[in-house]
Structures are given as C-alpha cells and as structure tokens.
Amino acid sequence: MAKKLVVAIDCDDVLLPSTIRIVERYNTLYQTAVELEHAHSSAYPGWNADRGTIHGRILEIQSSPEYAGTPPFEDAVTAVHRLATEYELHLVTARPVAVMAVTNGMIESHFGKCFASVEHVGLDGSKGEICRRIGADVLVDDNLKHLVDAASYGVIHGLWFGEYPWQQNDSSDIAIRCADWAAVEKEIAYIAKR
Ligand SMILES: [Mg+2]
C-alpha cells in the first residue's frame, strides 16, 4: 500500500478562533487597543509591554476556563474527521507546553482520535523541525512565518489558511492560499493524486 499523505495542521485560527478572542481579552484586561493586524508581532508597541510580559499575559488568557471552552469551527470539525479517514494527521501548534491540557481537552472533545500526535512547538520552537520529524508532506497554517520555516525543512506543500487581517504578505512562491476548509480539502485531494 502506498504511504499515506502526512498532513500537519495548526491549531489556533485554523481549528478554532483564537487571535480575536485573545486580543479582545487582552485589550479589556490591560486597557490596550491592539489591532488584529499586529496581533502576531510582539514588537508592536500597542501591546504596551515587553515580549516576556506579553507572552505571560497571553498564557494566562489561554489557560482560563473561558478560553479553554472555545468551540472549534464547525467546518474544521467536519473536514478533519473526513481527512482523518484517508490521511495521517498531526496537530502542530506553536502553543507552549504549559497549555497542553487545554489543547488536549479541546481535541478529545471535538476531534477524538483524528490526530496521530499533538505537537506543542512553543513560541520559539520551529514547526519546520517538527514537520520534518513527523515526515509531513503538507502544513496547513494561518501564519506565513511557519510555512516559510516548514518549506526550509522540506515540507513541499504549504497551505496558507484563512482570510485574516495579519496576513498581509505575498505568499505566491511559498504557499497556496486556502480561504476555508473546503479549499484545504480540495487542495489536499489534488496533492494526494500527484
Ligand atoms: Mg495559527
């Protein structure tokens, strides 16, 4: 039997809405006005804190019961269940190990055994390195930084997920834009046939 296509899938903003929730909560708690466009840059002055402080605050938000209960996108649940019947899926998230229980709880509740493994790369870790270790052929991610990194580790197919304010760059030579899960499924079917 031919080897199954190995697909690495990001968690935040791919399986469930994350950035918008974190930023809203952050702005309320710390009286800031962080805009979504800058939400993935810790150097952005709007956070009104240094990198370590920002990450500590975000970790606290991610660890809260309110955040842990964030339901995934309905179309992500359907698509991932469908993809898991044909391909080997891995969840590869930049979340730190400290929120592993939150991630695992969400996965168990909504995605059952769809993922062969759940990898917490951490904010400074390399998704590309993990992708190479698990033998990923495809990475689905909303953050171009990780797709660029994965490409440098030999992940041939980068699918740039979603339509978000922080996706300003041109991706044409690194990744294929997939606005939604229907587009991701279509692209993966196409890749698998090649
Ligand atoms: Mg993400």
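Helices H1 and H2 are roughly perpendicular to each other (65 to 115 degrees). The model is predicted; local features need pLDDT of at least 70, side-chain atom pairs count only at pLDDT 80 or more, and totals for chains, interfaces and linings use all residues. Residues are numbered from 1 along each chain as its sequence is written, and side-chain values use heavy atoms, without hydrogens and water.

Two packed helices are described by the angle between their axes and the distance between the axes. The axes of H1 and H2 cross at roughly 110° and come within 10 Å. Axes are lines fitted to C-alpha atoms, for helices over the stretch in contact, and angles run from 0 to 180 degrees between N-to-C directions. The crossing of H1 and H2 is right-handed, meaning that the near helix is turned clockwise from the far one by less than a right angle.

Contact means heavy atoms within 4.5 Å. From H1, Ile22, Arg25, Tyr26, Leu29 and Tyr30 meet Ile54, Arg57, Ile58, Glu60, Ile61 and Gln62 of H2. By class, this contact has seven nonpolar, three charged and one polar residues.

Most residues other than glycine have a negative phi. Aspartate 13 has a positive phi, near 70°. Aspartate 13 lies in the loop between strand S1 (6-9) and helix H1 (19-30). With a relative accessible area of 2%, aspartate 13 is buried (under 20%). Asparagine 48 also has a positive phi, of about 60°. Asparagine 48 sits in the loop between H1 and helix H2 (51-63). At 60% relative accessibility, asparagine 48 is exposed (over 50%).

Methods: Helices (H or I, at least four residues) and strands (E, at least two) are DSSP runs, numbered from the N terminus. Buried means under 20% relative accessible area, exposed over 50%, partly exposed in between (1.4 Å probe, protein chains only). Angles under 35 degrees count as roughly parallel, over 145 as roughly antiparallel, 65 to 115 as roughly perpendicular and the rest as oblique. Ala, Val, Leu, Ile, Met, Phe, Trp, Tyr, Cys and Pro count as nonpolar, Asp, Glu, Lys and Arg as charged, and the others, Gly among them, as polar.
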